[in-house]
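The sequence and structure are shown below.

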Amino acid sequence: MSLTGSDLTTSLVPAEQTPAAGRFAGKVALITGASDRGIGGEIAVRLASEGAKIAVLTRHEPVRLIKKLTRLGHGHSITLGDVTKSADIGRALDELLAQFGRLDVLVNNAGITNDKLALRMKVEEFTGVLDANLTSAFIGCREAMKAMRKQKFGAVVNMASIVGESGNAGQTNYAASKGGMIAMTKSFAIEAATSGIRYNTVTPGCIATDMTDELKEEVKASFTSKIPMARFGESKEVAEATAFLLSDHASYITGETLKVNGGMLM
């Protein structure tokens, strides 16, 4: 399957087997920014393995993720688009609803960094990260509420960061976007509670991904020395925590921030 072109493109991934029962059997999940090797992709696989139909909105074709979802069955939707554009998110949701008829779960995982000391950071470098990380999550949260309130049920997890809680030198823009996401999530949780929709946040610490693999060994060692569990986390550990918050096992949890950081920030 090939997904190409600059316009929003959607393709249905065929199922190869009958989906097994699980916590998310019969539910439809939209995940933004899911890649072949990262937290979003791992969440997609975790939810699919427990019966969910998965829709992905991402910039680039996740070839390995598509293969994994195909093996898991169900039938899934892969959409190429820009999460910073309200029109792309709206069209992705329209495609999802046309294919699956409902939306039960949203994970706002898409995000970028553009690190620079604050004194050297241009305004557009600050707002660019806010648009990609925070504004896109706002649009997703808002549009998901519109779809979910009709069925009086839904669960949203916004993927923030330990940096949104602690701050970090050289990441003023990223910290602002993730800190804002935590506060925004609480506000959405209050507004949506009577509609049966839950909004929560996960804040990963140092997680082994393609991005952290590029760090120098001495930098990794410096981070590890500050983690009580003395290791980087794995994407699957973030996925497990996210799946819990999205499941009925967390039916009375909303507006909460779940730290997944090995004790780095308590």
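## Packing of H1 and H9

Are H1 and H9 parallel or oblique to each other? In this predicted model, helix H1 (residues 39-49) and helix H9 (residues 235-246) have axes 8 Å apart, at an angle of about 55 degrees. Angles under 35 degrees count as roughly parallel and those of 65 to 115 as roughly perpendicular; H1 and H9 are therefore oblique to each other.

The crossing of H1 with H9 is right-handed. On the H1 side, Ile39, Glu42, Ile43, Arg46 and Leu47 take part in the contact, and their partners in H9 include Val238, Ala239, Ala243 and Leu246. The contact residues comprise seven nonpolar, two polar and four charged.

## Packing of H4 and H6

Helix H4 (residues 123-148) packs against helix H6 (residues 172-192). Their axes come within 8 Å and cross at roughly 15 degrees, which makes H4 roughly parallel to H6. This crossing, too, is right-handed.

Among the H4 residues in the contact are Phe126, Phe138, Cys141 and Met145, while the H6 residues include Tyr174, Met181, Met184 and Phe188. By class, the contact of H4 with H6 has 14 nonpolar, five polar and four charged residues.

## Ser177 within H6

Ser177 lies in H6 and is one of the residues of that helix that meet H4. Leaving aside residues up to four places away in sequence, Ser177 touches Val129, Leu130, Asn133 and Leu134.

The relative accessible area of Ser177 is 0%, so the residue is buried. Ser177 and Thr79 are 98 residues apart along the chain, and their C-alpha atoms are separated by 24 Å.

Key. Residues are numbered from 1 along each chain as its sequence is written. This is a predicted model: local features need pLDDT of at least 70, side-chain atom pairs count only at pLDDT 80 or more; totals for chains, interfaces and linings use all residues. Side-chain values use heavy atoms; hydrogens and water are left out. Axes are lines fitted to C-alpha atoms, for helices over the stretch in contact, and angles run from 0 to 180 degrees between N-to-C directions. Helices (H or I, at least four residues) and strands (E, at least two) are DSSP runs, numbered from the N terminus. Angles under 35 degrees count as roughly parallel, over 145 as roughly antiparallel, 65 to 115 as roughly perpendicular and the rest as oblique. A crossing is left-handed if the near helix is turned anticlockwise from the far one by less than a right angle, and right-handed if clockwise. Contact means heavy atoms within 4.5 Å. Ala, Val, Leu, Ile, Met, Phe, Trp, Tyr, Cys and Pro count as nonpolar, Asp, Glu, Lys and Arg as charged, and the others, Gly among them, as polar. Buried means under 20% relative accessible area, exposed over 50%, partly exposed in between (1.4 Å probe, protein chains only).
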